[in-house]
Amino acid sequence: MALLLLCCILACTSGINLSNATTNEKIYSDNITRILDRLLDGYDNRLRPGSGGGVTEVKTDIFVTSFGPVSDVEMEYTMDMFFRQMWVDERLKFEGSIEILRLNNLMVDKIWTPDTFFRNSKKSISHNMTTPNKLFRIMKNGTVLYTMRLTISAECPMRLMDFPMDGHACPLKFGSYAYTSSEIIFTWRKGLTASVDCPKESMSLLQYDLVGQTLSSEIFKSNTGHYSVQVVHFHLQRKLGYYLIQTYIPLIMVVVLSQVSFWINKESVPARTVAGITTVLTMTTLSISARQSLPKVAYATAMDWFIAVCFAFVSSALVEFAAVNYFATLQAHRLKKQKARQDKLEVLATGSDDEDTSDINQQGSLKRRNHSVCRSEAGDAPPVPIFLQQGSAFPQIPQLAGTSPIDKYARILFPLAFGLFNLIYWYIYLAKDTMERPRDMDPTS
């Protein structure tokens with residue numbers, strides 16, 4: 001019996017508490033409704049706070065949720081962010097126990113908001129799924145916090161003289177579209193160091209490292225007045241690894257392969273010619289593919305200089321063989337003339353009366369010259385096997401056998417010159433500060 005009485009008492013108490021909670025919730029909702037009705041009563045959202053009086057200060061900060069990709073060809077970058085604005089509207093002060101009114105996006109259209117726009121954006125998207133991604137709060141003292149989620153594709157002018165060891169300062173500029181600096185002024189809410197937050201886990205860049213950002217405030221001058229503009233520069237340093245693997249190392253290997261021909265016998269004309277032409281064509285293909293990922297700029301980049309020097313080394317290797325072959329041909333003609341002179345002198349010295357015998361000897365001498373017989377005089381050297389005489393690497397004249405002096409010098413000078421060039425090239429660009437300096441904003445009408 002006592003247990004039944006206890007259960008009845010608990011049930012009555014729970015019902016009273018539930019009724020009180022419902023009543024309190026209704027009172028709270030009625031209070032907010034009355035506050036909002038009182039705030040909007042006579043409120044004109046066409047007028048900015050302090051209209052006709054002081055300057056409206058809009059404090060801003062940015063939280064970057066995703067940065068990238070960065071397009072070199074289009075010279076633009078894309079970022080996803082939470083854009084926050086805070087200002088004081090004296091008309092929105094209210095009294096009561098509630099400190100902050102947490103409202104949805106429906107209230108945004110009923111009060112005044114800054115006409116902020118991004119000056120260097122190519123495309124801007126305000127997210128609306130599943131509902132408009134906007135946060136709106138009104139504090140007791142009339143302070144308004146307005147946050148929205150945006151995706152911005154902004155212009156990023158790039159100087160590619162140091163490509164691919166370059167760094168860029170990509171700007172993001174925003175301010176009021178219609179209000180001049182005498183009416184609205186923008187400031188950084190957390191100062192110049194913490195107003196833009198870029199967490200490392202939010203960065204999704206493949207070819208760049210986001211090394212930092214710098215913030216500033218500027219006055220944009222135009223024919224319609226002076227405007228307050230907030231500027232943040234994102235400092236991007238290009239990663240070199242991809243270009244080392246795809247371009248620089250293959251170029252170096254092609255140059256090294258072109259210099260291997262210096263060690264091939266100069267009589268192997270087809271082999272050295274094929275090696276030279278192949279390396280030249282390979283170098284041309286690599287240079288074309290390296291430029292496909294870049295805009296068509298009118299100046300030479302650091303990679304262009306490297307490709308040009310490598311192309312010069314490969315072409316010089318082919319020209320070197322042409323010089324070796326040319327001087328070898330001159331020497332061969334000179335030796336043939338000397339041989340023919342010696343044969344005539346020998347014939348005159350013998351004073352033989354047998355003209356037929358002399359004719360036979362002259363025909364034998366001509367046959368030896370025309371058919372590359374591998375002996376200068378009969379009995380001076382053993383006969384050479386026929387398979388050696390048919391080889392392209394076998395010299396037609398024994399005196400021309402051996403390494404050309406040009407090849408001997410090229411084996412030393414070419415590698416030394418190429419190594420010295422690489423040392424100077426990499427020292428200059430790796431020790432150089434290639435990060436671009438932020439540009440001043442150009443005034444336009």
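**Strands and pairing**

Guide: Ile-100 stands opposite Met-139 in strand 6. Keep in mind that this is a predicted model.

Visitor: Which strands pair there, and over how many bridges?

Guide: Strand 3 (residues 100-103) pairs with strand 6 (residues 134-139). The sense is antiparallel, over four bridges.

Visitor: And how many bridges join strand 6 to strand 7?

Guide: Five, and the two run antiparallel. Strand 7 covers residues 143-155.

Visitor: What about the hairpin of strand 6 and strand 7, how many residues sit between the strands?

Guide: Three. Gly-142 takes a positive phi there, near 95 degrees.

Visitor: Switching topic. What's the order in the open sheet of four strands?

Guide: The order is 4-8-12-11, with antiparallel pairing. Strand 4 (116-118) and strand 11 (208-222) are the edge strands, each pairing on one side only. On average, neighbouring strands of this sheet are turned by 20 degrees against each other, direction ignored.

Visitor: How many bridges join strand 8 to strand 12?

Guide: Nine. Strand 8 spans residues 167-176 and strand 12 spans residues 225-238. Within that pairing, Cys-170 has Phe-234 of strand 12 as its bridge partner.

Visitor: Now the whole chain. How many helices and strands?

Guide: Eight helices and 12 strands. Of the 445 residues, 38% are buried.

Visitor: And the accessible surface, what does it come to?

Guide: About 25900 Å², with 60% of that belonging to carbon and sulfur atoms.

Visitor: What share of contacts between residues at least 6 apart in sequence join residues at least 24 apart?

Guide: 80% in this protein chain.

Notes
Residues numbered from 1 in each chain as written. Predicted model: local features only at pLDDT ≥ 70, side-chain atom pairs only at ≥ 80, totals over all residues. Heavy atoms only, no water. Buried < 20%, exposed > 50% of the residue type's maximum accessible area, 1.4 Å probe, protein only. Contact = heavy atoms within 4.5 Å. Areas by Shrake-Rupley, 256 points an atom, 1.4 Å probe, with all protein chains shown as cover. Pairing = 2+ DSSP bridges. Axes fitted to C-alpha atoms, helices over the stretch in contact; angles between N-to-C directions.
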